[in-house]
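I set out below what I looked up in this structure, entry by entry.

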Amino acid sequence: MTFEEYLKDYAKKITPDVLAGLDRVRNNFEDKKHPDVDKYLYNPFKKYISNPGKLHRPLTCIAAYKACGGEDIERIIPIAITIENFQSAALIHDDIADGASLRRSKPCMHIVEGEPIAINIGDMGLAMVLGSVIDEDKEILRELTRMEYMTIEGQAMDLGWARDNRYDITEEDYFCMATKKTAYYSVATPCVLGALCATSKDIDKFREFGLKLGLAFQLKDDLLNIVGDANDKDFRSDIDEGKRTLILVKTIEELGLDILNKSRDEIAEAMIECGAVKYVEDKAIKLASVARDILDNINLNEWKEIFYSMCDWVTSRKV
């Protein structure tokens, strides 16, 4: 089975667990909620998470657990789901920061509920990260806390560069930001948590694997935004929003800041023609290859094929 097949087979199976996790939180401290709490918080959040993405983060966590010999699926499900809760919270807040209108082909939370309520619903998602696993081992709580800190630090860099109109960003700066903002919570933390729950001795190797592949994942996202599906709602939005991607960093290195005076599509074409797109494509493939080499030193049992194909999926996916 490939990683893509694994996602397709298991995404629908895990969605009820995501919804059940919210119900457990809702009933955690009180048996009965005021109806307005449901109206302004739990119901819109439940509707939001009922329209999930690929769910590759919680499913990666489960795969790592299984690969390390974990057998009790009920043990790993709540921990895997809490990563998805963090993803939902981050997306709700990101869409507000970016002024987005659609998420997964539907109006963003802040469009439907208004920004103040959307912010509060996102805050609930963040509270659920540790609140859902509060009785877990200290190491698991530490990893989840690290994930939150790293993501918020990376987001601070990304937003700050755009706000201050900075273009003195280096490749090293970009990789620092992307490691924090994406690599931890997209691949590294899910792998580490799965391995921890299975009491694996390969925690550090899983972290190294996840950070390399997580960077490749972000680079691929950046590439899809520029040379992906022109019908996608976010196509070339990184240019409009002033995102300091590695593609833009390399383009400015080659052509100078004057390129930014061009139209969006002219900038995108310049990114292709100057070699910045090809440079980033090569970087993503190299990082995925390094991640694949790390897997050679981890005993993955019968899940080896799925993890190896994850490296290919990251760099070849279309969405």
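**Entry 1: burial of H11.** I began with helix H11, residues 246-255, in this predicted model. I found seven of its 10 residues buried, so the helix is largely enclosed by the rest of the structure. I listed the buried residues as Leu246, Ile247, Leu248, Val249, Lys250, Thr251 and Ile252. I then asked which helices the buried residues of H11 pack against. The partners are H8 (171-197), H9 (203-227), H12 (264-273) and H13 (276-295). Just after H11, I noted that glycine 256 has a positive phi of about 85°.

**Entry 2: H1 against H3.** I looked up how H1 and H3 (residues 56-67) pack, and recorded an angle of about 105° with the axes 10 Å apart. Angles of 65 to 115 degrees count as roughly perpendicular, and therefore H1 is roughly perpendicular to H3. On the H1 side, Phe3, Tyr6, Leu7, Tyr10, Ala11 and Ile14 make the contact. H3 contributes His56, Pro58, Leu59, Thr60, Ile62 and Ala63.

Entry 3: I read a volume of about 310 Å³ for the second largest pocket. Its lining comprises 17 residues, and those closest to the centre are Arg24, Val25, Asn28, Gly131 and Ser132. Which elements give two or more residues to this lining? I identified helices H1 (3-26), H4 (73-98) and H6 (115-131).

Definitions and conventions
Residues are numbered from 1 along each chain as its sequence is written. This is a predicted model: local features need pLDDT of at least 70, side-chain atom pairs count only at pLDDT 80 or more; totals for chains, interfaces and linings use all residues. Side-chain values use heavy atoms; hydrogens and water are left out. Buried means under 20% relative accessible area, exposed over 50%, partly exposed in between (1.4 Å probe, protein chains only). Helices (H or I, at least four residues) and strands (E, at least two) are DSSP runs, numbered from the N terminus. Contact means heavy atoms within 4.5 Å. On a 1 Å grid over the protein atoms alone, a cavity is a set of points where a 1.4 Å probe fits but cannot get out, and a pocket is an open set with protein on both sides within 12 Å along at least five of seven lines; lining residues have an atom within 4 Å of a point. Grid points are joined across faces, edges and corners, and a volume is the space filled by probe spheres set on the points. Axes are lines fitted to C-alpha atoms, for helices over the stretch in contact, and angles run from 0 to 180 degrees between N-to-C directions. Angles under 35 degrees count as roughly parallel, over 145 as roughly antiparallel, 65 to 115 as roughly perpendicular and the rest as oblique.
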